[in-house]
Amino acid sequence: LTVQLDSISDSPDESVDRNVGCAAADASATPPLDSCAYTPPSPAAAGVAVDTRTVGSSGGAATDAIAIEVRSPSIVTLTAVDATLSAIGCAGGGSYQSTTLRLAADGDLDVTRLSSYTSNDTSVAVLQDDGYTVRVLGVGPGSATISAYGNVASVAVTVEEAVVTPELVARVVTSLDAAGAEQSYTSEADVGYLYVYARYANGDAHMLDDAELSVEVLAPDTLAYSLTSDGRHRLSIVPDALAASCYDDLLSVQLVACNGSLPAVAPPLELDLPSPVALRALGLSVEVLAPSGSFARSGALSSRPPMSGTISSAFVQMSDGSDKDMSSDARVTLTSSEPACVAAAANLTASTHFWAVEGGGCTSVSLTAIFTLGAWQENATATVYIARPKALTVSAAVWPSCS
């Protein structure tokens, strides 16, 4: 057995980190700790050997101690929370309950994650390991034996056609940190993922796979739904779905089993999106342009104005005090006061937003950006200048100079 020592932070911006330093509390302890991968010695006799190691951050600012216990278990037991799995919703629907496994050493030490597991009949029950828990999923009627690695322990699981009706508990999680999970949308950029539990009268509860669920959006003008490449149910806010707090049913979730005859549930969702208040000043990448064939673009000049530019800053001040960046948003449209002189793109999704037109005669134009967020609309303007020659003087001289 080898143990990898990592650090984990309660900060939502930091997860498991293996870039840590490790040291033994006792400098003479053996074996030495190398790169935080610790392989304990084989104990010569039954009992518990404790070796305390200190794990610290790469900068040395924070440390923590962990006590590693080396045991030689005399009794290993494998149990299932529910050894009888029933059909969900209807007989012959093809969907059955699942249960969680627990592997214990000497009765009290949970070593479930330290073993792999097999089913002797995968037509009755199969195993699912999501990296956190190990579950047994019913597949069809019958009995199956679930065994830990090396057959050190086993448990019998029965799958029956007796029908149980689940109560679905659905949640859309938009953020998760040390304080808990959020289920509200506070900006258009927020994204949520669907989690659904099946709860039964006997107290059993388990999470359902995404493939077992049917999802219907009840408010398509507010909520956008999609499936990710790995089959997750992803929910986001439709652009311009600006509203105050909204507790209406936006989503319906149902089990695919039983041809959709089971009751659907609506996860609680809160829309608390800020409203636009005002525009920030419009920013341009360049303020002076020159047409491609003009003297201002001549190679004889040491510096030449560009032929095109972009809107580099397009922010809307929101009611919650934040600034919404709309610098690449289709809801910002552009117009030019003299399109024959300086042309403008239809909106800010274009790679180039404005450019000088050959043959124009103006020296400046006004660009107007129209911001539209739902029913709210405001305009911002900026001036673009065209570089044109004012005067040109030509004089003759001998070259090379006689001097």
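Asn151 sits in the loop that runs between E13 and strand E14 (154-164). In this predicted model, Asn151 has a phi near 55 degrees, which is positive although the residue is not glycine. Most residues other than glycine have a negative phi.

**Positive phi**
- Asn151 is exposed, at 61% relative accessibility.
- Asp106, also not a glycine, has a positive phi of about 55 degrees.
- Asp106 belongs to the loop between strand E8 (98-105) and strand E9 (109-110), and it is partly exposed at 33% relative accessible area.

**Ser147**
- Ser147 is part of strand E13, which covers residues 142-148.
- Ser147 counts as buried because its relative accessibility is 10%, and buried means under 20%.
- Beyond its neighbours within four places in sequence, Ser147 contacts residues including Leu78, Tyr117 and Ala153.

**Salt bridges**
- The model has eight salt bridges.
- Arg113 pairs with Asp129, with the closest N and O atoms 2.9 Å apart; the pair links distant parts of the chain, with Arg113 in the loop between E9 and strand E10 (117-119) and Asp129 in strand E11.
- Arg199 pairs with Glu167 at 3.0 Å between the closest N and O atoms; the two lie in strands E19 and E15, 32 residues apart.
- Arg331 and Glu188 form a salt bridge of 2.9 Å, N to O, across 143 residues of separation.
- Arg331 is buried at 14% relative accessibility, and Glu188 is buried at 16%.
- Shared partners join Glu188, Lys324, Asp329 and Arg331 into one salt-bridge network.

Terms used:
Residues numbered from 1 in each chain as written. Predicted model: local features only at pLDDT ≥ 70, side-chain atom pairs only at ≥ 80, totals over all residues. Heavy atoms only, no water. Helix = DSSP H or I, 4+ residues; strand = E, 2+ residues; numbered from the N terminus. Buried < 20%, exposed > 50% of the residue type's maximum accessible area, 1.4 Å probe, protein only. Contact = heavy atoms within 4.5 Å. Salt bridge = Lys/Arg side-chain N within 4 Å of Asp/Glu carboxyl O.
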